[in-house]
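Student: I have a model open and would like to learn how to read its features one at a time. Please give the general idea before each case.

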Amino acid sequence: MRARAGVLAVLSVILALGLVWAAHRRPVAMPVVPRAPGHCVLPTAVMLRTHMMLLRSVREEIVRHDARDTRFRLTGCVACHVEHTASGQPIPVNAPGQFCATCHTYVGVHLDCFACHAAVPETPGKFGGLRGQGAVQAAFRIPRALRGRFGASGAGGGR
Amino acid sequence: MTKVAYREIAGRSALYWLAVILCAAGAAAGLASALYMRAHGHHVTGMNNQIVWGMPHVFAVFLIVAASGALNVASIASVFGRSLYKPLARLSGLLAIALLIGGLWNLVLDLGRPGHLLATVIYPNFRSIFAWNIYLYTGFLVIVGFYLWFMMERRLNPHTHKVGMLAFLWRLVLTTGTGSIFGFLAARSAYDSAVLAPLFILMSFAFGLAIFSLVLLAGFKIVGRPVGGRVLARLKTLLGVFVAAVMYFVAVYHLTNIYIAGHRGVEAFVLLKGGLYTGLFWGGQVLVGGIVPLVLLLRRYPLDDVQGIARALVWGALAVVAGGLAQIYVLIIGGQAYPLQMFPGMVVHSSFYDGVVHSYIPRWPETVLALSGVAVVGLIVLIAVRLLPFLPENLTDEVVSAHGARPAAGSAAGESPVHP
Amino acid sequence: MNDKERDEPSRDGAEIEEGPDSVRRGLLKMAGAVAALTLAPGVTVFARDLVLKGQHKAKGPVRYGLLIDARACKTGCDACVRACQDYNGLSHDPGPDNAQWIRKVTITDEKTGFTRSFPMMCQHCAHGACVDVCPTGASFRRPDGIVLVDKHRCIGCRYCLMACPYKARSFVGRVVKDQRPWAPRGKGTAEGCTMCVERVEAGKLPACVAACQKAGHKAMMFGNLHDPKSAIAVRLSEVATTTIRADLGMAPGVHYRGI
């Protein structure tokens with residue numbers, strides 16, 4: 001009995017200390033998310049809340065049902081939101097401080113996409129891409145109306 | 001009046017805590033090595049694109065097969081009405097659950113992406129025997145859980161045999177499913193056989209009973225509860241019969257393959273030219289797993305020679321376990337080591353190891369994971385027998401025969417746990 | 001003391017009146033019914049899949065396939081293999097745990113000395129074992145006949161590697177970086193030849209076929225097997241071809257000439 005009470009007491013003290021520590025921490029600052037040029041495929045507020053659902057529902061269509069015309073492709077996200085170093089090298093979007101990582105780190109949600117997917121857009125002309133320049137757009141047939149929006153940085157202009 | 005009383009073990013001895021700590025450490029080591037494999041990928045193991053399934057699967061299949069077999073003792077008691085086995089039924093159910101969890105532990109932690117396991121429930125593909133097995137395994141855990149509850153809860157005792165029957169049928173389907181994981185693989189010459197399903201059922205009878213006997217004897221010896229020659233002699237003979245049946249199915253499997261000309265290559269590999277696998281087959285599976293236990297187990301002892309019977313049972317069961325592991329190693333690893341027969345009669349060369357016998361050298365991450373499944377089984381059993389009354393207080397001949405001969409009246413009380 | 005009496009302890013009064021044997025018989029019936037009810041829906045689905053899907057599978061308007069002319073394939077040339085590795089971002093090093101979506105295989109009949117060299121890849125079967133055994137349906141066949149791994153669902157169990165008769169599947173055992181945007185691949189999942197699905201959709205040839213043509217060997221031909229006017233269908237109707245391990249009845253979409 002005495003041993004059990006001791007364990008309980010120690011646990012309560014640890015819990016109390018943890019609560020005090022948590023209460024005295026400064027609030028974590030809102031992250032500064034890098035802005036991409038142009039407009040997103042949907043308003044930012046909508047994307048913020050639904051991008052994971054969009055990606056999830058669309059991936060089924062893309063992989064299994066041959067629907068490659070969709071706007072909500074991960075490659076599209078990456079092409080637009082990637083940042084470049086001073087020498088023009090693309091920085092992976094899941095690198096610390098980059099578009100995806102900033103938010104995901106802040107909210108503490110594991111970012112699984114880039115375990116398999118490329119976190120940078122295709123480098124023009126490298127390794128027999130479909131068409132050299134604009135390979136991402138060409139390969140995935142991004143609708144004509146949207147093509148211009150992907151061109152400002154990243155993988156070159158549309159067709 | 002002698003009645004079967006069950007009691008938790010005290011679990012205060014240093015030996016008990018040592019065993020608990022060892023098993024917990026084993027499980028933790030397995031978890032650590034699974035995390036290590038997850039962080040670096042499976043290239044840190046000996047498994048590769050040639051030997052796809054390795055050590056964790058050998059132990060997983062062994063434990064899962066043994067799990068369904070461990071339930072046999074309970075089934076014999078409630079389904080076939082042999083009340084000699086009734087005092088053993090609770091331990092039998094507990095071992096079945098523990099062994100299955102240990103096996104699944106290995107299987108799940110070895111997955112490339114264990115975190116995505118839920119996909120099997122969200123998108124089940126019922127053309128896959130694997131998908132079926134997921135339901136068979138979870139169903140087994142639930143049913144045996146209910147079975148144990150019915151055995152332990154006095155008011156539910158009268159219905160125990162119904163649950164027991166369901167559990168028995170379920171376990172037959174379950175082992176058929178496990179055997180079919182391999183039996184359905186037409187691509188590989190070593191597997192493509194319907195005999196694997198019944199062979200696995202018989203293997204489960206033997207392995208499960210062997211492990212059950214070992215746990216029972218070890219438990220009773222360490223806790224110091226008395227056990228009589230009658231129960232042990234029955235278990236011993238039964239195990240011998242199961243071993244003989246396994247050997248029969250193994251013989252049928254190999255004879256069929258030898259007779260079919262197209263399968264002679266793989267037979268020559270396993271039986272004659274396979275190096276390690278040939279050695280494991282003849283030395284491990286046939287000699288240690290078959291002939292030695294048959295000699296030990298089928299020899300007759302007078303019922304009062306408890307020591308002699310127990311010794312024969314322990315060594316026989318140990319041999320069955322060792323031979324069983326060898327058997328599954330030969331089946332799983334040997335079956336993959338033999339190259340796929342894509343161009344019969346041709347000599348094949350490629351950069352992808354086509355046409356050559358593949359080698360498998362287990363490395364420590366997967367070996368630790370494989371052994372941790374056993375540790376998990378031990379941990380579950382150790383904790384369970386301390387918390388709940390699984391072990392009968394005494395299994396002497398008087399108790400066993402008195403229990404068997406007792407008339408129906410007032411019988412319900414016989415199953416109730418007696419708390420100290 | 002007989003067996004029936006020994007059974008008693010587990011029965012209550014009402015059941016004893018019926019006699020243990022009838023009880024047992026009733027129980028068997030009940031258990032049978034329970035088992036049947038539990039298993040019936042699954043078995044029905046399984047049977048329907050087996051029969052119906054098996055029939056419909058091969059009959060879409062499009063079924064992409066390959067025809068490989070082993071007589072034209074040059075021993076020692078691995079242009080197709082290199083092209084695949086470059087295009088899909090695979091390693092050039094043929095280590096035991098590296099993925100090989102396509103490989104050159106050399107077969108020799110030692111009795112006659114006959115030898116051939118040709119590429120092997122996923123055979124894009126109509127009834128592929130990999131599709132059947134996959135517990136999550138991650139291994140699947142598209143309506144156009146291309147067999148893929150949906151890595152979103154793949155749990156990494158490697159059952160497809162066990163089931164494939166062609167050794168066409170590989171398991172990714174390392175952390176992958178620098179994937180191509182069109183060829184996502186990652187640690188812990190199974191993968192195999194995709195027939196360069198996004199190139200095909202864009203109206204281009206798979207990388208291996210294009211490379212073979214560029215090298216001037218013309219040993220590989222790609223097209224729609226179900227379009228009788230397509231070049232590949234015409235050729236298949238004219239010359240003797242075979243599929244590897246046709247005995248398994250998986251109906252591969254990759255045909256070979258001269259082996």
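Student: Which residues does B:L99 touch, not counting residues up to four places away in sequence?

Tutor: Two residues are in contact if their C-beta atoms, placed from the backbone, lie within 7 Å. B:L99 touches B:L63, B:A66, B:A67, B:A70, B:I211 and B:V377. A caution on the source: this is a predicted model, in which local features need pLDDT of at least 70 and side-chain atom pairs count only at pLDDT 80 or more, while totals for chains, interfaces and linings use all residues. Residues are numbered from 1 along each chain as its sequence is written, and chains are lettered from A and ligands numbered from 1 in the order in which they are written.

Student: Which members of the largest nonpolar core touch the most other members?

Tutor: In soluble globular proteins, nonpolar side chains tend to be buried together. A nonpolar core is a set of buried Ala, Val, Leu, Ile, Met, Phe, Trp, Tyr and Cys residues joined through C-beta atoms within 7 Å. Buried means that 20 or more other C-beta atoms lie within 10 Å of the residue's own, with C-beta atoms placed from the backbone. The largest core has 214 residues, and B:V58, B:L95, B:L99 and B:A206 touch the most other members. Helix α12 of chain B (residues 306-337) supplies the largest share, 18 residues; helices are DSSP runs of H or I, at least four residues, and strands are runs of E, at least two, numbered from the N terminus. Another core lies apart from this one, with 17 residues, including A:V78 and A:A119.

Student: Why is helix α3 of chain A largely enclosed by the rest of the structure?

Tutor: Helix α3 of chain A (residues 74-81) is largely enclosed because 8 of its 8 residues are buried. Among them are A:C77, A:V78 and A:H81.

Student: How do I read the open sheet in chain C, and what is its strand order?

Tutor: Strands of a sheet pair through backbone hydrogen bonds, either parallel or antiparallel. Two strands count as paired if DSSP finds at least two bridges between them. In chain C, 3 strands form the open sheet β8-β1-β9, with mixed pairing. Its edge strands, each pairing on one side only, are β8 (220-224) and β9 (254-257) of chain C. Strand β1 of chain C (residues 64-69) pairs with β8(C) in the antiparallel sense over 5 bridges, and C:Y64 stands opposite C:N224. With β9(C), β1(C) pairs in the parallel sense over 4 bridges; there C:I68 has C:Y256 as its bridge partner.

Student: Which residues of β9(C) point one way, and which the other way?

Tutor: In a regular strand the side chains alternate between the two faces of the sheet. C:V254 and C:Y256 point one way from β9(C), C:H255 and C:R257 the other way, and all are buried.

Student: How many residues do chain C and chain A each bring to their contact?

Tutor: Chain C brings 25 residues and chain A 18 residues. On the side of chain C that touches chain A, α7(C) gives the most, with 3 residues.

Student: What does chain C average in pLDDT?

Tutor: pLDDT is the predictor's confidence in each residue, from 0 to 100. Chain C averages 83, and 77% of the residues score at least 70. Over residues 1-19 of chain C, pLDDT stays under 50. Where pLDDT is low, the predicted coordinates should not be read in detail. The model scores ipTM 0.89 and pTM 0.84.

Terms used
Buried ≥ 20, exposed ≤ 12 C-beta atoms within 10 Å, placed from the backbone.
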